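I opened this entry to record what I looked up about the ligand surroundings, the domains and the helix packing. My notes follow in the order in which I went through them.

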Amino acid sequence: NKLVAGFVGVGVMGRHMVRNLAEAGMVVQVFDVVPEALEALPRHDNIRLAKSLPDALSGADIVITMLPDTPHVEAVVFGEGGIVATLPSGSLFVDMSTISGHTTRVLAEKLSERGITMLDAPVSGGPVGAENGTLSIMVGGDADGFARAHPFFKAMGETITHVGAAGAGQTVKLCNQLICGINIQAICEALALGRACGVDLEQMRDVLLGGSAASWMLDRLGSQMISGDASAGFRIDLMFKDLRLVMETAMQANVPLPATALVTSQYIDARAHGEGGNGNQALFKVYDRMTAQ
Ligand code: NAD
């Protein structure tokens, strides 16, 4: 008998994760509130488009969510036909979105009172990592739940790590995002300076990728920054959401994060100028304005 996953949220990331689960031999019952997102999925014998949320959850060995933000996950947990209303005791729920660590701990606690195990398992690696099944997956929650979810994680990711109790996955993911945000800002500053001094930016990117300033962001986003291609993989709006979560967590933990605070302000600036739906490389537009380019 094939393992069955109920999968909710098939946007930029979820659509690839669903295909990888299906190709690994699992039956995937998929639901999204946007019908076009469902229609965009590849045709595969193991992918079944659910008619409703409870239809996707029915009979599932695991329920996975890949949704934008905290309120969307709360809606799937507490909403009509959702996890609390539908799943029997003993079920396993894995949220792979990036959401509030505090809310994650509250959800895990409330669900455990109903006999439902919840893991937080946010990911890093972007749409390319999702497509290739090479995501880094950071998992919070109990060890038994981790073991049950592991075959599904293996279908979607490469680096799969149990990092602690409920919410710990989100903590590690937010630390990841803090580094990504500041790294994007550092690349913007280098490109702004190089441009003002008249060097060839594409050549500069190649040179930097061969040395100690190389980074995932410079590799994946550098060329798009230089050419002004703002098409979205990971949207400005989603990174702003992550930086907001980082800052909220830092306030609660009494940790000053001066560099994150500055880059968060620049994301507010980018959104105010209509860049929210564009990819993160569009942060460079903030520097275009500052340098009157
Ligand atoms: P997305 O907006 O492209 O996809 C989210 C999907 O969820 C959409 O199709 C939307 O219609 C659906 N949805 C929203 N509310 C719903 C509900 N109540 N019920 C059912 N479906 C609902 O987002 P994404 O880029 O795929 O990111 C998903 C999550 O993964 C986010 O938390 C993001 O921060 C995180 N993430 C994204 C990337 C990336 O590069 N895009 C990388 C790592 C992590």
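**Ligand shell.** I began by asking which element gives the largest share of the shell around the ligand, and I found that helix 4 does, with 3 residues. I keep in mind throughout that this is a predicted model. I then looked up which residues come nearest to the ligand, and of the 28 residues around it these are G9, G11, V12, M13 and F234. Two or more residues of the shell are given by each of helix 4 (70–78), strand 7 (123–124), helix 7 (126–132) and helix 12 (236–253). By residue class, I noted 17 nonpolar, 9 polar and 2 charged residues in the shell around the ligand. I also checked which domains take part, and the shell draws at least three residues from domain 1 (4–164) and at least three from domain 2 (171–290).

**Domains.** The protein is divided into domain 1, residues 4–164, and domain 2, residues 171–290, and their centres, taken over C-alpha atoms, are separated by 28 Å. For the contact between them I wrote down 12 residues of domain 1 and 12 residues of domain 2. The side of domain 1 that touches domain 2 consists of 6 nonpolar residues, 5 polar residues and 1 charged residue.

**Helix 1 and helix 8.** I asked myself at what angle the axes of helix 1 and helix 8 cross. Helix 1 (residues 14–23) and helix 8 (residues 143–156) have axes that come within 8 Å and cross at roughly 115°, and the two helices are therefore roughly perpendicular to each other. The crossing in which helix 1 passes helix 8 is right-handed. From helix 1, the residues M17, N20 and L21 meet F152, A155 and M156 of helix 8, and I counted this contact as 5 nonpolar, 1 polar and no charged residues.

**Helix 9 and helix 11.** Moving on, I looked at helix 9 (residues 168–196) and helix 11 (residues 216–227), whose axes come within 11 Å and cross at roughly 45°, which makes helix 9 oblique to helix 11. Here too I noted a right-handed crossing, with helix 9 passing helix 11. On the side of helix 9 the contact uses C180, N183, I184, I187, C188 and L191, and these meet M217, L218, L221, G222, M225 and I226 in helix 11. The residues of this contact divide into 10 nonpolar and 2 polar, with no charged residue.

**Helix 10 and helix 11.** Helix 10 brings L201, E202, R205, L208 and L209 to the contact, while helix 11 brings L218, D219, G222, S223 and I226. For the contact of helix 10 with helix 11 I recorded 5 nonpolar, 2 polar and 3 charged residues. I also marked L218, G222 and I226 of helix 11, which take part in the contact with helix 9 and in the contact with helix 10.

Key. Residues are numbered from 1 along each chain as its sequence is written. This is a predicted model: local features need pLDDT of at least 70, side-chain atom pairs count only at pLDDT 80 or more; totals for chains, interfaces and linings use all residues. A residue is near a molecule or strand if its C-beta atom, placed from the backbone, lies within 6 Å of it. Helices (H or I, at least four residues) and strands (E, at least two) are DSSP runs, numbered from the N terminus. Ala, Val, Leu, Ile, Met, Phe, Trp, Tyr, Cys and Pro count as nonpolar, Asp, Glu, Lys and Arg as charged, and the others, Gly among them, as polar. Domain bounds come from an automatic or database domain assignment. Axes are lines fitted to C-alpha atoms, for helices over the stretch in contact, and angles run from 0 to 180 degrees between N-to-C directions. Angles under 35 degrees count as roughly parallel, over 145 as roughly antiparallel, 65 to 115 as roughly perpendicular and the rest as oblique. A crossing is left-handed if the near helix is turned anticlockwise from the far one by less than a right angle, and right-handed if clockwise. Two residues are in contact if their C-beta atoms, placed from the backbone, lie within 7 Å.
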